[in-house]
Amino acid sequence: MFENVTLGFFFLFLSFGLMYLVSFALWVWTLADCLKKETDEGNTRLIWVIVIVFTYIIGAFLYYLMRRPKRIQELGR
């Protein structure tokens with residue numbers, strides 16, 4: 001009986017660990033993308049870096065969904 005509970009906890013921790021690693025990788029990739037390709041006009045890079053760093057995955061999603069397509073359209077990179 002305890003083997004099933006232990007196995008369940010193992011898969012639970014494994015799945016949450018995997019989700020954490022994927023979200024951390026997305027966060028690092030978004031932060032690197034912002035630092036390398038964002039312009040310094042009007043401090044947009046600084047503002048987006050602060051948003052991404054302090055709001056973690058929510059800031060990464062905001063940057064990826066809102067700013068990145070606009071930057072690519074404006075600058076082509």
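Predicted model: local features only at pLDDT ≥ 70, side-chain atom pairs only at ≥ 80, totals over all residues.
**View 1**

**View 2. The kink within α2.** A kink of about 140° is centred on Y56 in α2. Whereas a straight helix of 32 residues would span 46 Å at 1.5 Å a residue, the end C-alpha atoms of α2 are only 14 Å apart. The buried residues of this helix are W48, V49, I52, G59, A60, Y63, R67, R68 and R71.

**View 3. The largest nonpolar core.** Eight residues form this core, namely W27, L31, C34, W48, V49, I52, A60 and Y63. Both α1 (2-37) and α2 (44-75) supply at least two residues each, and the largest share, 5 residues, comes from α2.

**View 4. The surroundings of Y63.** Y63, a member of the largest nonpolar core, is also among the buried residues of α2. Leaving aside neighbours within four places in sequence, Y63 is in contact with T30, D33, C34, E38, W48, I52, R68 and R71.

**View 5. The whole chain, for context.** The protein has 2 helices and 0 strands. Its radius of gyration is 18 Å, well over the 11 Å that the globule rule gives for 77 residues, so the protein is more spread out than a compact globule. The C-alpha trace spans about 60 × 20 × 15 Å along its principal axes, and 22% of the 77 residues count as buried. Among contacts with a separation of 6 or more, 53% are between residues 24 or more positions apart. The accessible surface comes to about 5900 Å², with 74% of it belonging to carbon and sulfur atoms.

Methods. Residues numbered from 1 in each chain as written. Heavy atoms only, no water. Core = buried A, V, L, I, M, F, W, Y, C linked by side-chain atoms within 4.5 Å. Buried < 20%, exposed > 50% of the residue type's maximum accessible area, 1.4 Å probe, protein only. Helix = DSSP H or I, 4+ residues; strand = E, 2+ residues; numbered from the N terminus. Contact = heavy atoms within 4.5 Å. Expected span 1.5 Å × (residues − 1). Bend = angle between axes of the 7 residues up to and from the residue. Rg over C-alpha atoms; globule rule 2.2 N^0.38 Å. Areas by Shrake-Rupley, 256 points an atom, 1.4 Å probe, with all protein chains shown as cover.
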